[in-house]
Amino acid sequence: MIGTTDNSIVIDAPAGYVFARTNDVRGWPDLFTEYAAVEVLEEEEHAVTFRLTMHPDENGKAWSWVSRREWDPRTRTVRARRLETGPFEFMDIIWTFEELEPDRTRMRWVQHFRMKPDAPVDDEWMTGNINRNSVEQMRIIKERLEARRSTVVGLDDVPSNTRRGGDMRTLLAPSTIGSAFGFGGAVRLRPGERTREHYHPYSEEFLFVASGEMRVELDGRAATVGAGQALLVPRGVRHRVTGGDSESLVVFHLSPLAPRPDLGHVDTEDEPAAAGKAAPAAAPAGPGHAEAGHAKPAARAESGRASAKTHLKPRVKETS
């Protein structure tokens, strides 16, 4: 006989976010209530071998074993197995993540196992044990992931991106809080500092000057935006911003998201214009932001717009 369990839950968060967070084994002690520690033993691009240690049971025993996980980001499928099987002859696991809506995901755990003949419990007992525990841990993971989506994120909580000019910080994004329809943050500009010209093929960009002043060029048309003022950069419009006479803090938001991060941002010049230098002829403007990547420098479209086409009975809990 082979024991089998099959449990699922719907989480109000994007599939990519749920997939990434639940496969970050280093974060499992903060995601599951039963795990005390994770030690990564070997790591590859789409696989990890690790030692998982549970919190001590009522007898003070801290169960521990080594597992290996392999995943396919394209299909969002994870396959795992115990390398140190303990009381099991084998334990194989499959996790899948199904996108129901852009911000709703069905996470499913299927486990196949067989207990050793000399194990203190049989397959039937273990099946019931795993089912109870999986349901509880899934509930906890759902609560924690959904709560994290409303986490307050500060400028110093995220890395700085300066490759396109300015000190750009993406605070709210699919990678940070699991946003499903847009992303945003802020960019600091020194006096006269300019960002690289670019456009967004799929997104509108909303710019708000929190302090200072900025000059925005949109397909060659110039506009000055002061503190407390905002400006819309339409989809596909080439743009660049330049800081004013004092340091500026500009808040940005882009929506909707591009189909893939690398499609969200197209640079139209190789590097940010140096502070104090004149802008190239017909140079449009805007802070350099992308969800998680960008396209290579591209030739400008004639109109300046881009197409959107383009876990012994004492205590045995298994969830990993």
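Pairing here takes at least two DSSP bridges between two strands, and the element names come from DSSP runs numbered from the N terminus, with helices being H or I of at least four residues and strands E of at least two.

Before I go on, the housekeeping. This is a predicted model, so local features need pLDDT of at least 70 and side-chain atom pairs count only at pLDDT 80 or more, while totals for chains, interfaces and linings use all residues. Residues are numbered from 1 along each chain as its sequence is written, and side-chain values use heavy atoms, with hydrogens and water left out.

Still in β9, have a look at valine 187. Its relative accessibility is 1%, so valine 187 counts as buried; the cut-offs are under 20% relative accessible area for buried, over 50% for exposed, and partly exposed in between, using a 1.4 Å probe and protein chains only. Valine 187 sits 22 residues from glycine 165 in sequence, and their C-alpha atoms are 9.2 Å apart.

Then there's the end of β16. The peptide bond from serine 255 to proline 256 is cis, with omega near -5 degrees, and proline 256 itself is in the loop between β16 and β17 (266–267).

Now β15 (residues 239–243). Five of its five residues are buried, so the strand is largely enclosed by the rest of the structure. Both faces are covered, with His239, Val241 and Gly243 on one side and Arg240 and Thr242 on the other. Its antiparallel partner is β12 (residues 213–218), joined to β15 by five bridges, and in that pairing valine 216 has valine 241 as its bridge partner. In the loop between β12 and β13 (221–226) you'll find aspartate 219. Aspartate 219 has a positive phi of about 50 degrees although it's not a glycine, and its relative accessible area of 24% makes it partly exposed.

On to the other sheet. Here seven strands form an open sheet in the order β1-β7-β6-β5-β4-β3-β2, again with antiparallel pairing. The edge strands are β1 (3–11) and β2 (35–44), each pairing on one side only. Let's walk in from β2. Eight bridges join β2 to β3 (residues 47–54), and alanine 37 stands opposite threonine 53 there. β3 and β4 share seven bridges, with threonine 49 partnered by arginine 68 in β4. Then β4 and β5 pair over six bridges, where serine 67 faces arginine 82 in β5.

Most residues other than glycine have a negative phi. Arginine 76 is partly exposed, with a relative accessible area of 26%.

Arginine 76 also takes us to the largest pocket. Which residues lie nearest its centre? Gly16, Tyr17, Arg76, Pro174 and Pro261 do, out of 22 lining residues. A pocket, on a 1 Å grid over the protein atoms alone, is an open set of points where a 1.4 Å probe fits, with protein on both sides within 12 Å along at least five of seven lines; lining residues have an atom within 4 Å of a point. The space in the largest pocket is about 600 Å³, a volume being what's filled by probe spheres set on the points, which are joined across faces, edges and corners. Helix α1 (residues 15–22) gives the most to the lining, with five residues.

Last, the packing. The largest nonpolar core has 36 residues, and Ile11, Trp28, Phe32, Trp95, Met107 and Ile141 touch the most other members. Apart from it lies another core, of 17 residues, among them Met168, Leu207, Val209 and Leu218. A core here is a set of buried Ala, Val, Leu, Ile, Met, Phe, Trp, Tyr and Cys residues joined through side-chain atoms within 4.5 Å.
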